[in-house]
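Let's go through this model together, asking at each step what a term rests on. Have the sequence and structure open as you read.

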Amino acid sequence: MDAHRDTCQIVYIPDKPPVAPDQQPTVNVFASVIEPKHANTLIRRLNQIAPLENLRHVKRIQKKKQAEGGKTELSVILCLAIVDEKGLNGFPVDVQELVNAYNLSPFMAQVCKYAATSKEEWEEQCKLWPTSFHPPTYNIDGITGFSEEDAQSVLSFMKMAMKLAKSGDGSILNAAVIVDPSVQQIIASGQDQVFSWHASRTKASGGNIPVRQSESVRSYSDSNGAPAALPNGSLITPENLLVEASCLKPWQWSKKPSDISNPCYSHPLRHAVLVAIESSADRDRRLFPCSEDNEQNCLEPMESSCADSPAKRQKTSLEYVEGKHSSPQTEDSYPGAVRPYLCTGYDIYLVWEPCAMCAMALVHQRIRRIFYALPNPNAGALGSVHRLQGEKSLNHHYAVFRVFMPEVLDIVESGKAANGIC
């Protein structure tokens, strides 16, 4: 990190852990040298009876030149070599028939299990058996590189998140800033908020239990300006808010006393990501008010079309946000307005890598890109411990980036004592 102290970098976090090119996982296959004149017939038949479904990147045939002046030798993959508790299994019946019919001499070979993601990986794979290589492509804009203008925008929003992360007592919290990249507009922001409250004064001391408070509490209110409420019905005030870097130790709340008679209580869900999501939803409710009967229609995903894209609708709503028009009170006063579907197409900037709960919440919110500055070695879900962005079973995937900048080192060094950062 010291080598990059005066430079800024935006580094893509892939959905699979990186491995050394010469240490890629392999699988065993049965192969055999064949006569060139039988190549087409054998390949067509093998593709029917023993397709390499999970090895589509592996070429079925291999060409090897013999010694100088010698002819080219062809080898073909017959099938996967399946090993169970009893040892190596024989060939499937259909493959055995081919072996017998063409008088083949099978041998075992190794091929790389996964497709290469870089030219270096591909070159190492071909030393074992030829594979195909296609440079990775992605469906998310901005994943393959950033223009100078885009990079400056990313760094600017990350600085805002870092500024929000600094609490009054010098400790470093997690902070989240949600941005609409189509108009470079901050949609919502949030800071870690772990609640602590008590019934009243204790009879023994006659005073209140001391708690740390967040500077952001003073501005935390509902759409009417009134203080928001805690889950137990009490109001959020500077006197009853306790703040911690929640994603770093997401299970810390479980170590707190659960006895309801205990004057202190730690809320497990007020991570910065969830606070920002709640703020974004509150903004949508104010900009796109719905009646109870029409609530379901307002939450339906928007149709994909050039004229009615999420970006265009969002730009329209920003006229009201920026005060160019009076704020809409009803749907009728906001002609043609359609409520955005959650956070579709938005980016989020975080100081700390999110935990699994926050990362999954961002999947449900349809976030497009996630930028974070500091890894979370305890519970990071996007590179440090897990890689949720690579989970194929999910119905939405986002791109993840880590942002290196001088301010990162400064903020870490200033908060080492408060957060126990190594």
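Q: What makes helix 4 a helix that lies across strand 12?
A: Helix 4 covers residues 148–165, and lies across strand 1, strand 8 (175–180), strand 9, strand 12 (347–352), strand 13 and strand 14. Helices (H or I, at least four residues) and strands (E, at least two) are DSSP runs, numbered from the N terminus. Contact means heavy atoms within 4.5 Å. Helix 4 runs at about 50 degrees to strand 12, where axes are lines fitted to C-alpha atoms, for helices over the stretch in contact, and angles run from 0 to 180 degrees between N-to-C directions.

A quick word on the source: this is a predicted model, where local features need pLDDT of at least 70, side-chain atom pairs count only at pLDDT 80 or more, and totals for chains, interfaces and linings use all residues. Residues are numbered from 1 along each chain as its sequence is written, and side-chain values use heavy atoms, with hydrogens and water left out.

Q: How do you know that strand 13 and strand 14 pair?
A: Two strands pair if DSSP finds at least two bridges between them. Strand 13 (residues 369–374) and strand 14 (residues 399–404) have four bridges, in the parallel sense, so they meet that definition. Ile370 has Val400 in strand 14 as its bridge partner.

Q: Why do strand 1 and strand 9 stand at the edges?
A: The open sheet has six strands in the order 1-14-13-12-8-9, with mixed pairing. Strand 1 (9–12) and strand 9 (185–191) each have a single partner strand, so one side of each lacks a neighbour in the sheet.
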